[in-house]
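This report goes through one protein model, element by element. Please keep the sequence and the structure in view while reading.

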Amino acid sequence: MTLPSHPFGTEITCEAIIAQMATANGWEDRYRNVIQLGKKLPAMPDALKQDQLKVSGCESQVWLTHQQQEDGTFHFAADSDARIVRGLITLVLAAFEGKNAEQIQAFDIDGYFEQLNLIAHLSPSRGNGLKAIVEQIKALAEA
């Protein structure tokens with residue numbers, strides 16, 4: 001099955017998201033930006049929403065799958081039943097989509113999240129869930 005395409009990591013880059021968040025006026029504005037980004041994430045087909053694709057450690061339901069392209073880069077598809085989590089997924093996809101395993105492992109995700117100035121405003125369980133998504137992507141890139 002072909003995974004749905006999305007604009008994250010190609011049309012919508014980390015740099016673009018950082019710039020967008022830098023112009024936000026406070027946490028509420030950043031939150032709205034994240035929700036808006038989540039609306040651009042295509043829904044994952046129900047056929048892919050399988051238990052083995054669930055990310056453990058997330059408060060909400062999150063599904064994550066991938067395909068490795070012939071050139072060694074990764075294409076990810078992810079979805080969640082929570083609007084804010086769909087938005088947080090887009091932040092992660094912008095960082096890792098279209099990268100190879102070495103680039104995924106080398107990416108400074110903590111520095112990226114720090115620049116977005118979001119983590120401090122997330123509940124501990126949301127923050128842990130976000131880290132679980134990142135860890136699962138890094139594990140997939142090691143396989």
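At which residue does UniProt place the feature "active site"?

## The annotated site

UniProt places the "active site" at Cys58, in an unreviewed entry. UniProt positions are given here in the numbering of this report, feature names are shortened, and annotations may be inferred rather than shown by experiment. The model is a predicted one, in which local features need pLDDT of at least 70 and side-chain atom pairs count only at pLDDT 80 or more, while totals for chains, interfaces and linings use all residues. Residues are numbered from 1 along each chain as its sequence is written, and side-chain values use heavy atoms, with hydrogens and water left out.

Cys58 sits in the loop between α2 (26–39) and β1; helices (H or I, at least four residues) and strands (E, at least two) are DSSP runs, numbered from the N terminus. Cys58 counts as buried because its relative accessibility is 17%, where buried means under 20% relative accessible area, exposed over 50% and partly exposed in between (1.4 Å probe, protein chains only). Leaving aside residues up to four places away in sequence, Cys58 touches Gly129, Ala132 and Ile133, contact meaning heavy atoms within 4.5 Å.

The same record, again as an unreviewed entry, lists residues 19–139 for "domain: Fe-S metabolism associated". That span is 51% helix and 12% strand, and its end C-alpha atoms lie 29 Å apart.

## Cavities

The structure holds two cavities of 30 Å³ or more. On a 1 Å grid over the protein atoms alone, a cavity is a set of points where a 1.4 Å probe fits but cannot get out, and lining residues have an atom within 4 Å of a point. Grid points are joined across faces, edges and corners, and a volume is the space filled by probe spheres set on the points.

The largest cavity has about 60 Å³ of space. Its lining includes Cys58, along with Glu59, Ser60, Val62, Val85, Leu88, Ser125, Arg126, Gly129, Leu130 and Ile133. Helices α3 (83–96) and α6 (124–142) are the elements that give two or more residues to this lining, and α6 gives the most, with five. By class, the lining has six nonpolar, three polar and two charged residues. Here Ala, Val, Leu, Ile, Met, Phe, Trp, Tyr, Cys and Pro count as nonpolar, Asp, Glu, Lys and Arg as charged, and the others, Gly among them, as polar.

The second largest cavity has about 30 Å³ of space. Pro4, His6, Leu41, Pro42, Ala43, Met44, Ala77 and Ala78 line it. Seven of these lining residues are nonpolar, one is polar and none is charged.

## The strand pair

Strands β1 (residues 62–68) and β2 (residues 74–80) run antiparallel and are joined by seven bridges; two strands pair if DSSP finds at least two bridges between them. Gln67 has His75 as its bridge partner in β2, and His66 stands opposite Phe76 in that strand. Five residues lie between the strands of the hairpin, where Gly72 takes a positive phi near 90°.

In a regular strand the side chains alternate between the two faces of the sheet. From β2, Phe74, Phe76, Ala78 and Ser80 point one way and His75, Ala77 and Asp79 the other way. Seven of the seven residues of β2 are buried, so the strand is largely enclosed by the rest of the structure.

Gly87 belongs to helix α3. Its relative accessibility is 0%, so Gly87 counts as buried. Not counting residues up to four places away in sequence, Gly87 touches Val34 and Gly38. Gly87 and Tyr31 are 56 residues apart in sequence, and their C-alpha atoms are 8.9 Å apart in space.

Ala19 lies in helix α1 (residues 14–22). With a relative accessible area of 43%, Ala19 is partly exposed. Ala19 and Met44 are 25 residues apart along the chain, and 28 Å separates their C-alpha atoms.

Most residues other than glycine have a negative phi. Asn117 is not a glycine, yet has a positive phi of about 55°. Asn117 is found in the loop between α5 (109–116) and α6, and counts as partly exposed because its relative accessibility is 34%.

Key:
On a 1 Å grid over the protein atoms alone, a cavity is a set of points where a 1.4 Å probe fits but cannot get out, and a pocket is an open set with protein on both sides within 12 Å along at least five of seven lines; lining residues have an atom within 4 Å of a point.
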